[in-house]
Amino acid sequence: MTTKKKPGALQGMFTNAAEKARQAVQDVRQQITETRRERDALAVAPLTKAEAADRIQAWLDAEAKRARLDLVAGEFAAPGRGPGHPFRVPVRAGEQRSADLGPVLAALFSDQVKAAILDALPADADAIPMADRPGRLAELDARVRELEAEEERLIEEAEAAGVEITRRPDASPEAILAVEWPEAAEA
């Protein structure tokens, strides 16, 4: 009859240390995930209403130019039959089946179209000015690099102590190599 041995105090210490190492790596990985989420959210955050208004105005100006009201006016000034149908938009067979009246609306009702689009925009609550984004994105990218380097350092320390921790499939090669060859990272 074999008796099962109870784990000794020393074995319990090693198990506890291994779990602490794994938990430390998991904590860093969670920070990496959160920082990446923040970066992704920043990259797609809406513009401020003022920036959106500038974009809307630029689009309306470009659309109004496409209306070619100068050609319409020229038809009224031309001798002969008169303008015919100055706002008829020619549609070529096989290309499209609907007419784009956007240029005419932009030329004739620019203020109303702009106001309608602005009214449809969400509030500025989550809006981030474009000017603020590059710096903040760079900060978040740097933070992810720091966290990945910390993660690799913890994995290397755990491995040196005999605790195996699997690297993430999307772990940064730069972070892994920087720990192994720090002088190459400094170059």
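**A tour from the cavity to the core**

The largest cavity in this model has a volume of about 50 Å³. A cavity is a set of points on a 1 Å grid over the protein atoms alone where a 1.4 Å probe fits but cannot get out, and its volume is the space filled by probe spheres set on the points, with points joined across faces, edges and corners. The structure holds 1 cavity of 30 Å³ or more.

This is a predicted model, where local features need pLDDT of at least 70, side-chain atom pairs count only at pLDDT 80 or more, and totals for linings use all residues. Residues are numbered from 1 along each chain, and side-chain values use heavy atoms, without hydrogens and water.

**Stop 1: the lining.** Select Arg29, Glu148, Glu151, Glu152, Ile155, Arg167, Arg168, Ala171, Ser172, Ala175 and Ile176, which line the largest cavity (each has an atom within 4 Å of a point). Two or more of these residues come from each of α6 (133-160) and α7 (173-180), and α6 gives the largest share, 4 residues. Helices here are DSSP runs (H or I, at least four residues), numbered from the N terminus.

**Stop 2: the core.** Next, select Ala18, Ala21, Val25, Val28, Ile32, Leu147, Leu154, Ile155, Ala158, Val163 and Ile165, the 11 residues of the largest nonpolar core. Such a core joins buried residues (under 20% relative accessible area, 1.4 Å probe, protein chains only) of the types Ala, Val, Leu, Ile, Met, Phe, Trp, Tyr and Cys through side-chain atoms within 4.5 Å. With 5 residues, α1 gives the most to this core.

**Stop 3: Leu147.** Which residues does Leu147 touch? Leaving out residues up to four places away in sequence, Leu147 touches Val28, Gln31, Ile32 and Thr35 (heavy atoms within 4.5 Å).

Notes. On a 1 Å grid over the protein atoms alone, a cavity is a set of points where a 1.4 Å probe fits but cannot get out, and a pocket is an open set with protein on both sides within 12 Å along at least five of seven lines; lining residues have an atom within 4 Å of a point. Buried means under 20% relative accessible area, exposed over 50%, partly exposed in between (1.4 Å probe, protein chains only).
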